[in-house]
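Biologist: Please take one part of this chain and look at it closely. I would like the setting first and then the detail.

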Amino acid sequence: DFLENEIAVSKAKRIIEKQDVHAILIHGGTGTGKTTLAKILANGLTDQATDIDEKNIADEKGIDTIRSLIKTSQFKPRGKNRVFILDEVHALLGQSQSAVLKTIEEPEHDRVVWILCTDKPHLLKPELLNRLYKIAIEKPSVEGLAKYLFRLAKVEKAFPKLEKDKIKKICKEVATVSDRVPRESLQLLKEISDSQSEYSSF
């Protein structure tokens, strides 16, 4: 399930169907679903969980981490592809970016896919950016996010004692207050649901 972003979803489906793209950049604002889409893509590109390797570069940005991933990428996967998800990839230092670029340009085999995620694509080297197939993610509309939150609230039985109209109003408020950021809206909706016993009225 991915909210709105029809162009991004269409591009992801095409990559999974054609299996002909090996270096992808998913970029967009914080909390909009970059890593979620990367995981959806990864699961579409291989049927083996062991073929998927995810790293948060903000935590592991050293050249040793990148060298280790590159070494692993040289081995053929068990499934269709070996997929590497590099989150917060803008945190890579210059030498590490160059190493990623080199392995993208000169892979050991054609069954490896690199998915880079960032909200700061301008911090990547132009040479690296030019090698990446780009998927842009935008924040959903207030209406679209509110409808999604309402469906979720029904499935999760988040507000069992409230009427439908009141739940819809809460969901629209949450979508607006969270500035249309899906991750923040989900966290806020859960907080409200968890603490509703403290309120006599919404």
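Modeller: This is a predicted model, and the setting begins with its surface. The accessible surface of the chain comes to about 11600 Å², and carbon and sulfur atoms account for 48% of that area. Along its principal axes, the C-alpha trace spans about 60 × 30 × 25 Å. Of the 202 residues, 43% count as buried. As for charge, there are 34 positive and 31 negative side chains, and the centres of these two sets lie 3 Å apart.

The chain holds eight helices and five strands. Read from the N terminus, the order of elements is α-β-α-β-α-β-α-β-α-β-α-α-α. Among contacts between residues at least 6 apart in sequence, 82% join residues at least 24 apart.

Next comes the interior. In soluble globular proteins, nonpolar side chains tend to be buried together. The largest nonpolar core here has 22 residues. Those with the most contacts inside this core are Ile66, Leu86, Trp114, Leu116, Leu128 and Leu132. Two or more residues each come from β1 (23-28), α3 (63-73), β3 (82-87), α4 (94-105), β4 (112-118) and α5 (126-129). The element that gives the most is α4, with four residues. Leucine 116 shows how such parts meet: leaving out residues up to four places away in sequence, leucine 116 touches Ile24, Leu25, Ile26, Leu86, Val89, Leu128 and Leu132. Another core, of 19 residues, lies apart from the largest one; Phe2, Ile26, Ala42 and Cys117 are among its members.

Is arginine 82 buried or exposed? Its relative accessible area is 13%, and buried means under 20%, so arginine 82 counts as buried.

What surrounds arginine 82? Setting aside neighbours within four places in sequence, arginine 82 is in contact with Thr50, Asp51, Thr72, Ser73, Phe75, Lys76, Pro77, Arg111, Val112 and Val113. One of these, threonine 72, is ten residues away along the chain, and the C-alpha atoms of the pair are separated by 9.1 Å.

How values were computed. Residues numbered from 1 in each chain as written. Predicted model: local features only at pLDDT ≥ 70, side-chain atom pairs only at ≥ 80, totals over all residues. Heavy atoms only, no water. Core = buried A, V, L, I, M, F, W, Y, C linked by side-chain atoms within 4.5 Å. Buried < 20%, exposed > 50% of the residue type's maximum accessible area, 1.4 Å probe, protein only. Contact = heavy atoms within 4.5 Å. Areas by Shrake-Rupley, 256 points an atom, 1.4 Å probe, with all protein chains shown as cover. Lys, Arg positive; Asp, Glu negative; His and termini not counted. Charge placed at Lys NZ, Arg CZ, Asp CG, Glu CD.
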